[in-house]
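Welcome! Take a moment to look over the chain below, and then we will walk through some of its features together.

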Amino acid sequence: MTKKSNEFSLQDLQSNPHFHRLPPPLPPSHLPSPGPCTCANGSTLLKNVVPKNQAVELRKRREKEFQQHKARVLARNQLPSKTACTCSPGSTQLKDRLPPDSEELFKRRAKELQQHKARTESVLSTRLYAPSNSPLQYPIQGFKVRPMTPTFIPGLALHAEQRSNYTVSLEVSEGVLRTTIPAKGVQVIVTGNGESRLMVESSSLEALNELLADVSYTSTIYHIHTGDLATFQFEDHEAVFPITIKQPQPPVLYDMGTDINSQVTITTKTFLRYPELNALLKTIREFYKDIEIIIADDSMKPEKIPGPHIQQFIMPPAQGWFAGRNLAVSQVTTKYFLWVDDDFLFTKWTKIEELVKVMEANPELDVLGGKVGGDQFYFSLIYDEGDEVEGGCMYRKSRRRFHSLPGYPQCSVVNGVVNFFLARTDAVQRVGFDPQLKRLAHSEFFMDGLGSLMVATCGHVSVSHQARQKHKDTRLYKAFRYPPRSDARSKLQLHFFKNHLKCIKYG
């Protein structure tokens, strides 16, 4: 290899007299340990508090849940967009729906966006390019450290032609680097040990690589999820690799138990529609006698809903659709909940077990919708982040799906579904339902969850829809059900600020 040509071939490497003495792949001790942790003195061993007659099955279910948890926590990288987005034809320009003299609103939105970026972005978003034909060996993916915890950097090595002297440097910005102090007589010079820039110089390539194998990184500031970029240099060769700094998070696992009653809770929100609600409950009990049902009720004059396995939570009057959803979902203790409207009816095709089966086979899924009255409503969200000034472009496109769910041709991956869906409790609780949206709200939940919720729809599980009834509260219900145009305008203004959107289209 010559510097002028900057070429470094496999033949060059194999002809290197030092090639056979280069360090082998690092032993497991140089990686974060995947083995058992050491309990602190005085710790309670939790396996000892598990009833002996349940221990075997409980451990099996826990292991299954943990494997699903691992499958779900793979990092999802956010791809930056720096240019203004183009609104789809027919989009609503949200700035046109703002009140006059909105200059301060724009300033507040810009400030909030910068704070959002500070919370969600780090140097890990930086694009890195692998140098061609470089003699530097380093980790390119997966190097993760706990904050302020010394961790060996795996795979550091130099593969170079024979020279009289070798000098490499490693530099970071959010931590310090350390390596073994060479013994007297060893022809190695270490500069900057315990600092942010470490330099190792030696006339022996083998000795240099032995010290590189012992280089550790320690972040100097506690942060639960951030990163650093390490710059690795040798002569005119330079490489940059990412270091993920992340506090390990205990998983939240749900014991699935042995039947549907320990796996799913049915949730609904009601307002002035007790005849419809009672009809729904009657059909639920025809098929699921003991399943738990949670009702959020913000009616003007609440009526007690009797019966076993029913939890009715009374809210202040007319708090709204999403506030009720938040309350109901906050009380769920099972792994999944099934959302239904209070005017649905269960039928022989309302097989919750089938939805659970699909979700369990695809642990990366968060929400799985079905059909309502024969209608399998679903949509995709086409979103471009746009620039920091004008904001993003959102297009909700009905009946658009991405592809079939592997192994389930009757199911498809989408971005949003109808008001009949099975969902992972913890995933939905993290996104939440914006209580500012009282009456005009559904797609907005999926917009808030875009990028964090995996959604699919299936056509083989359905629920029926009741015919409209007339009763003593019908007129009052309609007054709330069909809000004035000002509510629609308020929702668009909310999108402008909260979601940093320039335009939105419903198609």
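Predicted model: local features only at pLDDT ≥ 70, side-chain atom pairs only at ≥ 80, totals over all residues.

Strands β19 (residues 378-387) and β20 (residues 391-398) run antiparallel and are joined by 7 bridges.

## A sheet of three strands

Another open sheet has 3 strands, in the order β4-β10-β7, and its pairing is antiparallel. Its edge strands are β4 (151-152) and β7 (175-178), each pairing on one side only.

How many bridges join β7 to β10? There are 4 between β7 and strand β10 (residues 216-219), and the two strands run antiparallel. Here glycine 175 stands opposite serine 219 in β10.

In soluble globular proteins, nonpolar side chains tend to be buried together. In this model the largest nonpolar core has 39 residues, and those with the most contacts inside it are Val264, Ile266, Leu338, Phe346, Ile352, Phe420 and Leu422. Elements that give two or more residues to this core include the strands β13 (264-270), β14 (293-297) and β16 (336-339), along with the helices α5 (274-287) and α7 (352-361). Apart from this core lies another, of 38 residues, among them Met394, Phe421, Val428 and Leu453.

## Salt bridges

Side chains of opposite charge can pair when their charged atoms come close. The whole structure holds 15 salt bridges. In one of them, the side chains of arginine 197 and glutamate 171 meet at 3.6 Å, N to O. This pair links distant parts of the chain, with arginine 197 in strand β9 (residues 197-202) and glutamate 171 in strand β6 (residues 166-171), 26 residues apart. Arginine 197 has 34% relative accessibility, so it counts as partly exposed. Glutamate 171 is partly exposed as well, because its relative accessible area is 36%.

Next, arginine 399 forms a salt bridge with aspartate 375, and their closest N and O atoms are 2.7 Å apart. Arginine 399 sits in the loop between β20 and β21 (403-405), while aspartate 375 sits in the loop between β18 and β19, 24 residues apart in the chain. With a relative accessible area of 45%, arginine 399 is partly exposed, and aspartate 375, at 34% relative accessibility, counts as partly exposed too.

Finally, go back to helix α11. Its lysine 491 pairs with glutamate 444 in helix α9 (residues 443-448), 47 residues apart, and the closest N and O atoms of this salt bridge are 2.9 Å apart. Are these two residues buried or exposed? Both lysine 491 and glutamate 444 are buried. Elsewhere in the list of salt bridges, Glu103, Glu104 and Lys107 are joined into one network through shared partners.

Methods
Residues numbered from 1 in each chain as written. Heavy atoms only, no water. Core = buried A, V, L, I, M, F, W, Y, C linked by side-chain atoms within 4.5 Å. Buried < 20%, exposed > 50% of the residue type's maximum accessible area, 1.4 Å probe, protein only. Pairing = 2+ DSSP bridges. Salt bridge = Lys/Arg side-chain N within 4 Å of Asp/Glu carboxyl O.
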